[in-house]
Amino acid sequence: MAPHAADVIEQGQGPRVMLIHSSVSGARQWRALMEDLAGRFHCLAPNLYGYGGTPAWPGPGAQTFLDQAKLLMPLLPADDSPVALVGHSFGATVAMKIAAQLRGRVDRLVLLEPNPIYLLKRYGRHAAYNEAVALRNCIKDQGAKNNWPAAAAVFADYWTGSGSWAAMPESRQAKFAEALKPNYHEWDAALNDREASLSDWAEALPARTTVISAADSPGTIQEVVDLLQGACPHWAFHRLAEGGHMAPLTRPELVNPLLEAALLP
């Protein structure tokens with residue numbers, strides 16, 4: 001594989017849909033959804049920096065969402081054919097950046113629990129922003145010490161609920177801690193003050209943008225979605241009563257029908 005090239009899983013035929021995974025996951029998170037969509041869509045599920053067969057973030061500078069977007073955009077057709085993007089959490093914000101770069105080509109955008117957390121600081125949601133900063137600091141501090149299990153325990157309990165880490169078998173804990181390593185650099189993107197404003201996103205992203213979130217997700221995500229809804233009332237917003245931040249994986253029976261409906265003409 002050439003340097004800075006993303007590996008990708010492909011399945012199906014039809015209009016092109018790119019599926020972008022969350023942190024501590026990988027392209028494999030979309031396997032079941034790709035089976036459902038393959039009869040109607042050509043699905044591309046790439047791995048972001050450090051996941052699957054994609055090289056780790058090379059540095060030396062801080063990672064940005066544009067860096068991740070540039071990694072994935074070569075996977076799309078070189079012509080001007082329309083594409084749809086689906087992203088979860090960190091992957092949702094990468095999808096936002098790709099859509100902004102390819103204005104007019106992305107006709108449908110589906111954002112599952114998007115995490116442009118820097119918006120919280122810019123628009124005065126300081127309590128939620130500080131909550132995210134505390135989590136970032138833990139990942140950075142423990143990661144710098146190569147103490148990934150300690151970082152993973154905090155990360156898992158924050159995003160999937162208190163006690164999630166303790167409930168994992170040791171084999172799963174080891175895999176989770178290893179998969180967390182790319183997240184060390186992803187925080188630089190998520191908290192980058194120089195990213196787009198709400199008005200920039202409202203102007204750049206397609207009118208057919210759908211945001212799916214859960215009412216029992218962490219406050220950081222709920223506050224981000226609230227900001228997006230205020231700035232982009234023309235988008236479609238769906239809030240699940242339950243399911244949490246990982247609902248696309250843990251409650252696909254709730255998420256996937258909404259997602260598939262958003263992709264249809």
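Trainee: Okay, which strands does helix 3 lie across?

Mentor: Keep in mind that this is a predicted model. Helix 3, residues 90–101, lies across strand 2 (16–20), strand 4 (83–88) and strand 5. Its direction is at about 150° to strand 4.

Trainee: And what's the strand order in the sheet?

Mentor: It goes 1-3-2-4-5-6-7, an open sheet of 7 strands with mixed pairing. Strand 1 (8–11) and strand 7 (236–240) are the edges, each pairing on one side only. From one strand to the next, the twist averages 15°.

Trainee: How do strand 5 and strand 6 pair, parallel or antiparallel?

Mentor: Parallel, over 4 bridges, with residues 106–112 in strand 5 and 209–214 in strand 6. Val110 sits opposite Thr210 of strand 6.

Trainee: Switching to the core: which residues touch the most other members?

Mentor: Leu72 and Ile98, out of 71 residues in the largest nonpolar core. Leaving out residues up to four places away in sequence, Leu72 touches a set including Met18, Ile20, Val94 and Ile98. There's also a second, separate core of 23 residues, with Ile9, Trp30, Val86 and Leu112 among them.

Trainee: Last one: at what angle do helix 5 and helix 11 pack?

Mentor: About 135°, with the axes 9 Å apart, so helix 5 and helix 11 are oblique to each other. Their crossing is left-handed.

Trainee: Which residues meet there?

Mentor: From helix 5, Ala128, Glu131 and Ala132; from helix 11, Gly219, Thr220 and Glu223.

Terms used. Residues numbered from 1 in each chain as written. Predicted model: local features only at pLDDT ≥ 70, side-chain atom pairs only at ≥ 80, totals over all residues. Heavy atoms only, no water. Pairing = 2+ DSSP bridges. Helix = DSSP H or I, 4+ residues; strand = E, 2+ residues; numbered from the N terminus. Axes fitted to C-alpha atoms, helices over the stretch in contact; angles between N-to-C directions. Contact = heavy atoms within 4.5 Å. Core = buried A, V, L, I, M, F, W, Y, C linked by side-chain atoms within 4.5 Å. Buried < 20%, exposed > 50% of the residue type's maximum accessible area, 1.4 Å probe, protein only. Parallel < 35°, antiparallel > 145°, perpendicular 65-115°, else oblique. Left-handed = near helix turned anticlockwise from the far one by under 90°.
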